[in-house]
Amino acid sequence: MAVFGDPFRRFILSPTVYRSSPGSTALLDWFESPTAHLFKINVPGYNKEDVKVQVENGNILVIRGEGGKAEFGEGKEKDIVWHVAERNTFGNGKGEFYREIELPEDVKLDHIKAQIDNGVLTVILPKDTTNKPPKLRNINVTSKL
């Protein structure tokens, strides 16, 4: 009997979550079904125009949020004194977040979908279920480099 079961090994050996912006409230859940990878990210106060989802460098999913809802109108802010500003960046209502995630090889990059509903961004990454031969590359061994 193995000490660490398959779910543990899959969690430890899963692709790298590269970067997120410091202090980001865009918390991420990543789970996998037999047919897709799913990301759920907290994005309260953002609408679809504020969030950008892209694939860069072939297999890096980049999720950015800019803007967000301001609590107060611009003309009124001069009369406001902030004591604590944890929900917004420096109290200006322009909170931003940034996430980079290395995608597994089995994702169909042309079929990725994203939707915002009730402050949660859901990104669905369908899996390519076709059997592909393993990537194997022979390296020629010589006596001199």
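1. Arg99 is buried (under 20% relative accessible area, with exposed meaning over 50% and partly exposed in between, for a 1.4 Å probe and protein chains only), yet Arg99 has no salt bridge. A salt bridge here is a side-chain nitrogen of Lys or Arg within 4 Å of a carboxyl oxygen of Asp or Glu. The nearest side chain of opposite charge belongs to Asp29, 8.8 Å away; Lys and Arg count as positive, Asp and Glu as negative, while His and the chain ends are not counted. A polar atom of the Arg99 side chain does lie 2.8 Å from the backbone oxygen of Ala26. Arg99 is found in strand β6; strands (E, at least two residues) and helices (H or I, at least four) are DSSP runs, numbered from the N terminus.

2. The model is predicted, so to speak of local features a pLDDT of at least 70 is needed, side-chain atom pairs count only at pLDDT 80 or more, and totals for chains, interfaces and linings use all residues. Residues are numbered from 1 along each chain as its sequence is written, and side-chain values use heavy atoms, with hydrogens and water left out.

3. An open sheet is formed by 4 strands in the order β2-β3-β8-β7, with antiparallel pairing. Two strands pair if DSSP finds at least two bridges between them. The edges are taken by β2 and β7 (113–117), each with a single partner strand, so one side of each is left without a neighbour in the sheet. On average, neighbouring strands of this sheet are turned by 15 degrees against each other, direction ignored; the axes are lines fitted to C-alpha atoms, for helices over the stretch in contact, and angles run from 0 to 180 degrees between N-to-C directions.

4. Strand β3 (residues 36–42) has 5 of its 7 residues buried, so it is largely enclosed by the rest of the structure. Strand β2 (residues 28–32) pairs with β3 in the antiparallel sense over 5 bridges, and Phe31 has Leu38 of β3 as its bridge partner. Ile41 has Leu121 of β8 as its bridge partner.

5. At the other end of the sheet order, β7 and β8 run antiparallel and are joined by 5 bridges. Leu121 in β8 is the bridge partner of Ile116. The loop between β7 and β8 holds Asn118, whose phi is near 50 degrees, a positive value in a residue other than glycine. Asn118 counts as exposed because its relative accessibility is 74%.

6. Strand β4 is joined to β5 by 6 bridges, and the two run antiparallel; Glu56 has Ile60 of β5 as its bridge partner. The hairpin of β4 and β5 has 3 residues between the strands, and in it Asn57 takes a positive phi near 55 degrees. With a relative accessibility of 72%, Asn57 counts as exposed. Strand β5, by contrast, is mostly covered, with 5 of its 6 residues buried. Strands β5 and β6 are likewise antiparallel, through 6 bridges, and Leu61 has Ile101 of β6 as its bridge partner.

7. How many aromatic pairs does a search of the whole structure find? The search finds 2. Rings of Phe, Tyr and Trp (its six-membered ring) pair if their centres lie within 6.5 Å; planes under 30 degrees apart count as stacked, over 60 as edge-to-face and the rest as tilted. The rings of Trp30 and Phe39 have centres 4.7 Å apart and planes at 85 degrees, so this pair is edge-to-face. Trp30 counts as partly exposed at 25% relative accessibility, whereas Phe39, at 0%, counts as buried.

8. Tyr46 and Phe97 also form an edge-to-face aromatic pair, 5.2 Å centre to centre with 85 degrees between the planes.

Notes:
Polar contact = N/O pair within 3.5 Å; in protein donor to acceptor, adjacent residues only side chain to side chain.
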